Amino acid sequence: MIVMTGKERERLRAAGLATGACAAGFADPYLPAAVDEDFATWIKAGHNATMRWLAGHVPLRADPQNVLPGVMTVISLAFPYLPAEQRDPSLPYLPLYAYGRDYHKALRTLLRPFCSHIEQEYGARTRVCIDSAPVHERAFALRAGIGRRGLNGCVITPRYGSFVFLAEVFTTLSIEPDEPSFGECLQCGACLKACPAGALNGNGSMDAARCINYLTIEHTGPLTLAQEKLLRDTDTLVGCDRCQSVCPMNRDVLPTEIPDFRPRPEVLCARSLREAVTPGSPLRRALK
């Protein structure tokens, strides 16, 4: 079996960065057993709330062959989305990731030429995963060395902080893996203090039932009185990224240059969720 190394590997990394990514790294598709064990413990504790499909994905995540038969490498990429222009803080709260086009669609578009290059140049198969497949995307990002872990669970990249979307390209192409990142954030606890409902567990995981992002997007069924009060008190339309906004490692990070993630004018002035949901918006699924 031929393993891609040296200059050829770096040329492929450059091709990944040319898609608009701010970081790209290579990882072995088999993660340490502790990753699956921690995920199973999180599920057992009920921290997935009503997201029952996550429990069903436990065995799927354990074997990368379930994602792409014959997989030899996972290419992890980070795409910056911090908008240069942001909403007036007096307006109801909207998360920064929602200012532009739905990232699922945008990233697949950006990665299509990269995957075609791998398939045509090397005769390898690929599969793109963007937070909807049974994949430990943050664990792969750390194993690929593209960032460090924050107390809030986010992956913090150089220059762009944690305001990045993660994507993985599973491929049957064998590539020498990068050195994993074992670095962590400053451990200052600012994110833990900023979370309005104390959803962060302090170990890089969170209790979804307390998270505003979950309550406004993923939650099914009626809200409790306490949950309704939380959304009123925080003046939230949908989503939350307060734990990122207070992170000192996100100070002076660079804004995105990806056109799809630049803020849409309607979003910058929207006072209701329906006004904020423009065509192709990642917020469409929040309309219930």
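**Figure 1. Surroundings of Thr278 in the predicted model.** Not counting residues up to four places away in sequence, Thr278 touches Arg264, Glu266, Val267 and Arg284. The model shown here and in the legends below is predicted. Thr278 is found in the segment that comes after helix H12. Its relative accessibility is 5%, and Thr278 therefore counts as buried, the cut-off for that class being under 20%.

**Figure 2. The largest nonpolar core of the predicted model.** This core has 45 residues, and those with the most contacts inside it are Leu12 and Ile75. Helix H5 supplies the largest share, seven residues. In soluble globular proteins, nonpolar side chains tend to be buried together.

Figure 3. With its neighbours within four places in sequence left aside, Ile75 is in contact with Leu12, Gly25, Phe26, Phe114, Ile118, Ala167, Glu168, Val169, Thr171 and Ile175.

Figure 4. Helix H9 spans residues 225-233, and its buried residues are Gln227, Leu230 and Leu231. Viewed down the axis of H9, these buried residues fall within an arc of 95 degrees, so they line one face of the helix. An α-helix has 3.6 residues a turn, so residues three or four places apart point the same way. Exposed residues on the other side of H9 are Leu225, Ala226, Arg232 and Asp233. The buried residues of H9 pack against helix H8 (212-217). Following H9 is Asp235, which has a positive phi, near 50 degrees.

**Figure 5. The second largest pocket.** The volume of this pocket is about 200 Å³. Its lining consists of 13 residues, among which Arg87, Pro89, Tyr93, Leu94 and Tyr99 lie nearest the centre of the pocket. Sorted by class, the lining of the second largest pocket comprises seven nonpolar, four charged and two polar residues. Rolling a probe the size of a water molecule over the atoms shows where empty space is left.

Methods. Residues are numbered from 1 along each chain as its sequence is written. This is a predicted model: local features need pLDDT of at least 70, side-chain atom pairs count only at pLDDT 80 or more; totals for chains, interfaces and linings use all residues. Side-chain values use heavy atoms; hydrogens and water are left out. A nonpolar core is a set of buried Ala, Val, Leu, Ile, Met, Phe, Trp, Tyr and Cys residues joined through side-chain atoms within 4.5 Å. Buried means under 20% relative accessible area, exposed over 50%, partly exposed in between (1.4 Å probe, protein chains only). Helices (H or I, at least four residues) and strands (E, at least two) are DSSP runs, numbered from the N terminus. Contact means heavy atoms within 4.5 Å. On a 1 Å grid over the protein atoms alone, a cavity is a set of points where a 1.4 Å probe fits but cannot get out, and a pocket is an open set with protein on both sides within 12 Å along at least five of seven lines; lining residues have an atom within 4 Å of a point. Grid points are joined across faces, edges and corners, and a volume is the space filled by probe spheres set on the points. Ala, Val, Leu, Ile, Met, Phe, Trp, Tyr, Cys and Pro count as nonpolar, Asp, Glu, Lys and Arg as charged, and the others, Gly among them, as polar. The arc is that of the directions from the helix axis to the C-beta atoms.
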